[in-house]
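Trainee: Please take me through this model and say on what grounds each label is given.

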Amino acid sequence: MRLSLLLFGLLFFTIFSCKQEPTITTIAFGSCSQQESKNQLWEEVIAENPVVWIWGGDNIYGDSPILDTLIRKYKTQKNHPGYQKLINNTIVTGTWDDHDYGVNDGGKEFAIKRESQQAFLDFMDVPQEDKRRKQEGVYSSLEIGEKDRKIKIINLDTRYHRDTLIREYYFDSLTQRQRYIYLPNPTGDILGEAQWTWLENELTNSTTSINIINSSIQVLSEEHRYEKWANFPAARERLLDVIVKSKAKGVLIISGDRHIAEFSKLNLAGLPYPLYDFTASGLTHTWTGAANENNKHRVGNLIAQLNYGLITIEWSATGVRLDLQIKGKDRTVYQTEKISFPHHEAFK
């Protein structure tokens, strides 16, 4: 009897001690960084000790068709002491948006987009032999983690192949100023066929438990008058269809561009969890005029303070939980959203 109890106790201890304890992975991201600004949030980001920093675009304000100007501004950003400290201790990945691409709200028509792509890749320390040096566009993917606790970061290029925006001007009686709004381009595209094929393969063949899609412009928000995927409704619908049909695990969208931060959420038929678009934009400057902007998909408040995004992933034997936080100066937490992804066989 005593031997049986001893064996039972030993078996219980063995099972209990081998149980997989929760672990944490931290990812930080942000966008809209004026390279000359002294008021950047690098010390706050570094204090989070992220495994990866993801650039969401507007990594500099180049805004020039002159390549030397873009290169000079990239060097200014890269030589910032805080950013140097970050890149020496953290994996860096990401994409660009219009201002680092070289032209405000620019698309496929930009004359030096090939040269600009090389300048961006130099800034990101991409090796000369990397395939991104020869493809059209800066899209890329990165996997981190091991075994059943892997994450894929999918960086989209929403500039190189993007079709023309349709701009309409109107007179705003409230401000007594002429303004513009972007109208839907019903047949327009954003990614280009080569990138669409690549994206479908990245999601469909993904073996990771979390797939973060990094889009420089917002995917879910539909109502504001500025740049967004909703300006190209067919492309937006195609993107959402690709996400659902791929059956990729744990898809989360992150975005920038807007000089504000917010969470947007959409329930999609065929997706067993809500799809979130986590916008973090405003590392050095924000837009307080957006405070009353409508977004039917928004969860919580619109944040117009300097900000970066923090994704804290808790892995356990029963699944994955993500704490999404909009944070700012002195690591102030402005808003938090918690999401969980369904249990998968990989976590057993």
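**Labels and their grounds**

Mentor: In the strand pairing, T25 stands opposite I313 in strand 13. The model is predicted, with local features needing pLDDT of at least 70 and side-chain atom pairs pLDDT 80 or more, while totals for chains, interfaces and linings use all residues. Residues are numbered from 1 along each chain as its sequence is written, and side-chain values use heavy atoms, without hydrogens and water.

Trainee: What makes strand 1 and strand 13 a pair?

Mentor: Two strands pair if DSSP finds at least two bridges between them. Strand 1 (residues 23-30) and strand 13 (residues 308-316) have seven bridges, in the antiparallel sense, so by that rule they pair. Strands here are DSSP runs of E with at least two residues, and helices are runs of H or I with at least four, both numbered from the N terminus.

Trainee: Why are strand 3 and strand 15 called edge strands?

Mentor: The open sheet has six strands in the order 3-2-1-13-14-15, with mixed pairing. Strand 3 (91-94) and strand 15 (333-341) each pair on one side only.

Trainee: Why is N214 called buried?

Mentor: Buried means under 20% relative accessible area, exposed over 50%, and partly exposed in between (1.4 Å probe, protein chains only). N214, in strand 8 (residues 210-214), has 1% relative accessibility, so N214 counts as buried.

Trainee: How do you know that N214 makes a polar contact with N155?

Mentor: A polar contact is a pair of N or O atoms within 3.5 Å; within protein, one must be able to donate a hydrogen and the other to accept it, and residues adjacent in sequence count only if both atoms are side-chain atoms. The side chains of N214 and N155 make such a contact at 2.9 Å.

Trainee: What makes D163 and K108 a salt bridge?

Mentor: The term requires a side-chain nitrogen of Lys or Arg within 4 Å of a carboxyl oxygen of Asp or Glu. For D163 and K108 the closest N and O atoms are 2.6 Å apart. D163 lies in the loop between strand 5 and strand 6 and K108 in the loop between helix 5 and helix 6, so the pair ties together parts 55 residues apart in sequence. D163 is buried at 17% relative accessibility, whereas K108 is partly exposed at 40%.

Trainee: Are E227 and R159 buried or exposed?

Mentor: E227 counts as buried at 3% relative accessibility, and R159 counts as buried at 0%. Their side chains meet in a salt bridge at 2.9 Å, N to O. A network of salt bridges links D97, R159, R162 and E227.
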